Amino acid sequence: MKLFQSNSEKSYQSHENLLDTPLYEVPGTKTIITWADAVEGTLITGSTGSGKSSGAGKHAALAMLKAGFGFCVLCAKPDEKDRWVEYAKATGREKDLIIFNKASGLEFNFLEYEMQRKGEGAGDVFNTNNALMNLRDITRLSLSGSGGNNQDPYWDESLKDLISSIISLLALAGEEISISNMRKLATTSFIEEEAKHYNNLVRTITTERGIDPQKREEARIELAEWIASNYFIQVFHKMQSRDLTEKEQEDAGTTEDFWLNEFARLSEKTRSIIVQSFMGMINPFKYDGILKNQFAAGLSEDLLPENIIEQKKIVIVDFPLKKFGLAGRFAATIYKCEFQGAMQRRKVNEEPAPKPACLFIDEYQAFCNPQGDSDFQAMARSSWAATMYITQNLNNLYCIMGGHNARAMAKSLLGNLNLKFFASNADFETNRWASEMIGQHIVDFQNLNIDKDMQISKSKNQQLQFRVTPDHFTVLKTGRKANNYVVETIVFKAGKTWGSDQQNFALVDFNQRK
């Protein structure tokens, strides 16, 4: 039987073949890193000042820029943006730069983006809700210094219900889904007595028989004045007056029931806790600053994450932590999560000339989202996402992961970053982990024995020893003038061999000035 390939199968095979495209040669090894290696994830570790960023990080970044990859770059340090501008100049990619910082005037209302973006799931209230709930996780990580505290599921679900109902009401009313509008709805929504009074006014106005005309007119005036002074009722009435589809009418009924019955009838204490949880989540957007000015409203077309994929843009999210603190972390993580979502929706086989897009993060521990990043990395290859994470050591990530299974979570994430560069490091746990990963080999030992009669005898035995001992990572060269600008790094990737002796690792010299 003769089998024929469908067009989609041919496209898939053609695109898979593209992944074999050489990206760069690891210096001194004649071993080629391909697109496929890049989209399987890269980890670079090393102590502060070890040359991890100016060595392996720079070498890989320049290669990906030359290859035409799109980039999402998060900046932890004040000079990070300038370094990337120089990289872009050196590789002829200046025209692709989009610098998103305080001075740029660009805006990224991530909630509106979720409602308006292209692709399946666009406008889904659940997805928009999830984008907002990520902010709570950022706050927990920052305040607890770990994976955060465990929240009672009731309060979690109640908060999600409130957020979903706010988003639904704004969307059905045709209002912008913004932090400001959401805050106003939450603070002006009905309590039980107000809901009852509102229903009585509407009933008085709309009932055709048995109502005193004067009372009807008084009710109409009172409702009009209430609408003029209360944002919630303005939006509520706007929803009711719009020409909705059958599906939207169904959603409007569910939304109306939530606000007039379910939420309004909660006890004062319960309602207060839920509202305060929501207000605490969005509090960073309340006061003048980058979050209010650039993430709470407005959506600049230049910042659409799809541009990184389709137009190979280089978006530099330049809100360094040393300048903007927690607000900078919020800003970078918001954009990072939306970029990850766009990458996961990507259909590589439908693109005529696809290229990987890179998520590049130095000081990765500052922007790690434990569960989200693990899920993303597990599927990064299928969407051609070339992640490159740079951090000092494993303990940075253990602290972020938090909880009793922090080590397992961290190592699960790092296990899916297949290409690893280890620069000089004083952290024993990281060095031990690297040594164990590279593995052991059999070493011959010869023993000399001298008996009481001064007779010498020889014996041989074999022992398993680390190919690279943990202490070896502490003596690697760290660049700068003292080391002739050479950064020594040990590279490892399962499935690759290095050098003429075909070892599973290599000691590599990166020149900081080349």
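**Close-up views of helix packing and buried residues**

**View 1. Helix H8 passes helix H13 in a left-handed crossing.** A crossing is called left-handed if the near helix is turned anticlockwise from the far one by less than a right angle, and right-handed if it is turned clockwise. The model is predicted, and in it local features need pLDDT of at least 70 and side-chain atom pairs count only at pLDDT 80 or more, while totals for chains, interfaces and linings use all residues. Residues are numbered from 1 along each chain as its sequence is written, and side-chain values use heavy atoms, with hydrogens and water left out. Helices (H or I, at least four residues) and strands (E, at least two) are DSSP runs, numbered from the N terminus. H8 (residues 179-188) and H13 (residues 268-282) pack at an angle of about 160°, and their axes are 11 Å apart; axes are lines fitted to C-alpha atoms, for helices over the stretch in contact, and angles run from 0 to 180 degrees between N-to-C directions. The two helices are therefore roughly antiparallel to each other, given that angles under 35 degrees count as roughly parallel, over 145 as roughly antiparallel, 65 to 115 as roughly perpendicular and the rest as oblique. Ile179, Met182, Arg183, Ala186 and Thr187 of H8 make the contact with Val275, Phe278, Met279 and Ile282 of H13, where contact means heavy atoms within 4.5 Å.

**View 2. Helix H18 and helix H19 cross at roughly 120°.** The axes of H18 (residues 394-401) and H19 (residues 406-415) come within 8 Å, and the helices are therefore oblique to each other. Their crossing is right-handed. From H18, Leu394, Leu397, Tyr398 and Met401 meet residues of H19 that include Ala406, Arg407 and Leu414.

**View 3. Asn230 lies in the loop between helix H10 (213-229) and helix H11 (231-241).** With a relative accessible area of 11%, Asn230 is buried (under 20% relative accessible area, whereas exposed means over 50% and partly exposed lies in between, with a 1.4 Å probe and protein chains only). A polar atom of the Asn230 side chain lies 2.9 Å from the backbone nitrogen of Phe232, and a polar atom of that side chain lies 3.0 Å from the backbone nitrogen of Ile233.

**View 4. Ala195 is found in helix H9 (residues 192-206).** Ala195 counts as buried, at 1% relative accessibility. Leaving aside residues up to four places away in sequence, Ala195 touches Phe190, Leu260 and Ala264. Trp259 is 64 residues from Ala195 along the chain, and their C-alpha atoms are separated by 8.2 Å.

Methods: A polar contact is a pair of N or O atoms within 3.5 Å; within protein, one must be able to donate a hydrogen and the other to accept it, and residues adjacent in sequence count only if both atoms are side-chain atoms.
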